[in-house]
Amino acid sequence: MGRRILLTGLDTFWGGRVAAALEQDDDVEMLLGMGTGHPSIELERTEYVRADNSYSLLSRLVRATGVDTIVHTFLVLDSSSMSGRALHETNVIGTMNLLAAAGASDSSVRQIVVKSSSLVYGSHPADPTWFKEDTPRSRAPRNRVERSLCEVESYVHDFAVDNPGVAVSMLRFANVLGADIDTPISRNLARGIMPSIAGFDPLIQFVEEDDVVRCVEFVVKSGLRGVFNVAGDGKLPVSEVASIAGARRLHLPPFFTAHAAAPFVRARLLSFPNELEDLLRYGRGIDTTAIKEAGFTPSTTAAGAVERFAQSNRLRRTVGDQLPHYKYEADIEAFFKHSPAVVRPVGGHAGHTNAGSSGDRATGHDAPAGVTRRARTRAAAQNPRGPSGSEDRPNVGGPLSH
Amino acid sequence: MASNSNRKARQPQAGNGSEIESEIDREVDAPIGSLLRFPGGDPSDRLQQTDPARRGDVDEWGRSEHMRRLIRQLTTPMYQRWFRVEWEGLEKIPRHGGALLIANHGGAIPSDAPMIMHGIEQELGRPVYGLADNWFRTVPLVGTMWSRGGGVPAHPDNAHRILHEHGDLALVFPEGAKGPGKLVTERYRLRRFGRGGFVETAMRAGVPVIPIASVGAEESMPILYKSSAGARLLRLPYLPLTANHLVFGPVLGTVMYLPSKFRFRVLDPVHFDVEPGLARYPRGRVMDEAEAIRQNLQENLFDMLAKRRSIWFG
């Protein structure tokens, strides 16, 4: 029997990317994505359930689908994207409910993978040049993203202690850059500016977005346990990031920095959340020896991630956004997933020819949704629950109706 | 004198370039260590060889070889002409493997640190990482320059990485800011050696501690008066009025040293007979070792001062 995976935040960038990557794996029998909105990219066989993070729904979901793996990608790392309260609800309460559902006495969950961030280490002058996974942070978190992530991690840690039978892994990623990812840094760079604090040129790390997906995939498949730092090799000074990305540095004063940035932020010329200010002052380095020894090597370096962003940014500036605007149509999705009218090659693996990497943005983008769909994989076709769910409500995927 | 003999003594070895080069070649595979060994080759080239997307030459510690070169150009005349540095017992510093160098600290803006680092770099041809208080990092511009020039924040993890994993030399001043922040009347009287953390670091890394007694730095910028209210206001460790301010004026006096004669005496390496890599070492043992090193350093300082005939001419 294949893996049955529950994915959080399917409507977010990471949820969609990870789902697209896991879909390619024949060992994955069933992939169920949760999200508060519709999926933003076209997915082949991922079941989708529109749900918030409330406990009652989660525990029902876990029980009904019998998932053995939970991939938790839905942690908000950008405090400028939502209010403090919403961020707390999403990160802390959401994770708490998820873990409670996964830890129920009759739970089928055997593995949990949490996509966390190196923000849990903070940025402080007393920091070591390299954080190992067990190095404590130098100062208690003072901004809400870091505070919420630290709380999340403590819940995950407690869960791992209480449930030794579940393989729990927490991946702390450095700042992500790449072709498509939208972060405060990428937004600034896309506007052609790199905020920096006058007199400071700290070293920061980056990891390429496809490497993030590959790493999550690697951990899901290998069943690795524990906490791991993930970053591309090398560290870059902020000035060099600006230089590679072709951005002009916006020098903010070293004192009253946030106040000086506020007018720019309000005019939407700059993204400058609190957590970015600390990073641009003191930088951060995480030691990635552990994940490398476990067998995962990032495909590109920190500078390579910035370079990849710069190339895609230049392309976007020249020819506009190449990504088609995918719109989730519930009826169409339900039809292609579950209608007996759709021909599904049993035992065929034809679906992987045009798959490309998870980050391949060219997959069938100029055809209408559903026309150039990849053939179903055997695992999906043999899923006894799938086809029978054709009459499901569009906002609740197949398995839940049983 | 002593430095000359040392320089002569190491000439044959320095001339034996193949040995050094082969060592560098061997190190190229190591991702961090290779970049930090600066004799031979332009590190910025090497950085770009391993990572074509890189544009600058700043390595993972924040060290820039261009900045190092600039600093070397500035320090060389100070080292040779201004302070006329002389070494004693330089052969006690190993040519290979990690060692934790410690020294007494003096002068309002301590000049001993760059001179010791520059001296060992020049005389032995191996880099020294100066571990300094992370207060530096909070100062705009100064913190960046210090990091580009090879300074590393004094954190036990950083020291361990340099000493144990890279097998390099690290230099610390166990007195901390209390060393340079003392008045001219208290010069060459060692302050408390922190809580002996440097001994524990050396024990854990399995490297010896090599004390260096330094004479001259105290008189290169002696503190006549300290303003504690001003220091609090400016958030400085101390706010001094130095003799240099009186001689060179308020601006130039802040950056200009008096030409005192520098002498460094390398003391016998202290090896600890303990198992390396432990999470904790007996506190009493650590304190005893630290105190013994401090006593020895103090005695040697008094000995050197007793033999010194002139502050300016040695």
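Good morning. I begin at the end of one helix: in chain B, α8(B) is followed by G167(B), which has a positive phi, near 65°. Please bear in mind throughout that this is a predicted model.

Let me turn to the helix itself. Helix α8 of chain B covers residues 156-165, and its buried residues are N158(B), A159(B), H160(B), R161(B), I162(B) and L163(B). Which elements do the buried residues of α8(B) pack against? Within chain B, their partners are the strands β2 (99-103), β3 (128-132), β4 (151-153) and β5 (169-172), together with helix α9 (197-205).

I now move to the interface. Here 26 residues of chain B are in contact with 28 residues of chain A. The size of an interface is often given as the accessible area lost when the parts come together. For chain B and chain A, that area is about 2,200 Å², with 49% of it on carbon and sulfur atoms. On the side of chain B, R55(B), E60(B) and R137(B) lose the most area to chain A, and together they account for 28% of what that side buries.

One joins the side chains of E240(A) and R54(B), at 2.6 Å from N to O. Across the interface, 16 residue pairs are in polar contact.

Which elements give two or more residues to the side of chain B that touches chain A? They are α7 (142-148), β4 and α8 of chain B. Helix α8(B) gives the most, with four residues. By residue class, that side of chain B comprises nine nonpolar, seven polar and 10 charged residues.

Thank you for your attention.

Definitions and conventions:
Residues are numbered from 1 along each chain as its sequence is written. Chains are lettered from A and ligands numbered from 1 in the order in which they are written. This is a predicted model: local features need pLDDT of at least 70, side-chain atom pairs count only at pLDDT 80 or more; totals for chains, interfaces and linings use all residues. Side-chain values use heavy atoms; hydrogens and water are left out. Buried means under 20% relative accessible area, exposed over 50%, partly exposed in between (1.4 Å probe, protein chains only). Contact means heavy atoms within 4.5 Å. Buried area is the accessible area (1.4 Å probe) that two parts lose on being put together, summed over both. A salt bridge is a side-chain nitrogen of Lys or Arg within 4 Å of a carboxyl oxygen of Asp or Glu. A polar contact is a pair of N or O atoms within 3.5 Å; within protein, one must be able to donate a hydrogen and the other to accept it, and residues adjacent in sequence count only if both atoms are side-chain atoms. Ala, Val, Leu, Ile, Met, Phe, Trp, Tyr, Cys and Pro count as nonpolar, Asp, Glu, Lys and Arg as charged, and the others, Gly among them, as polar.
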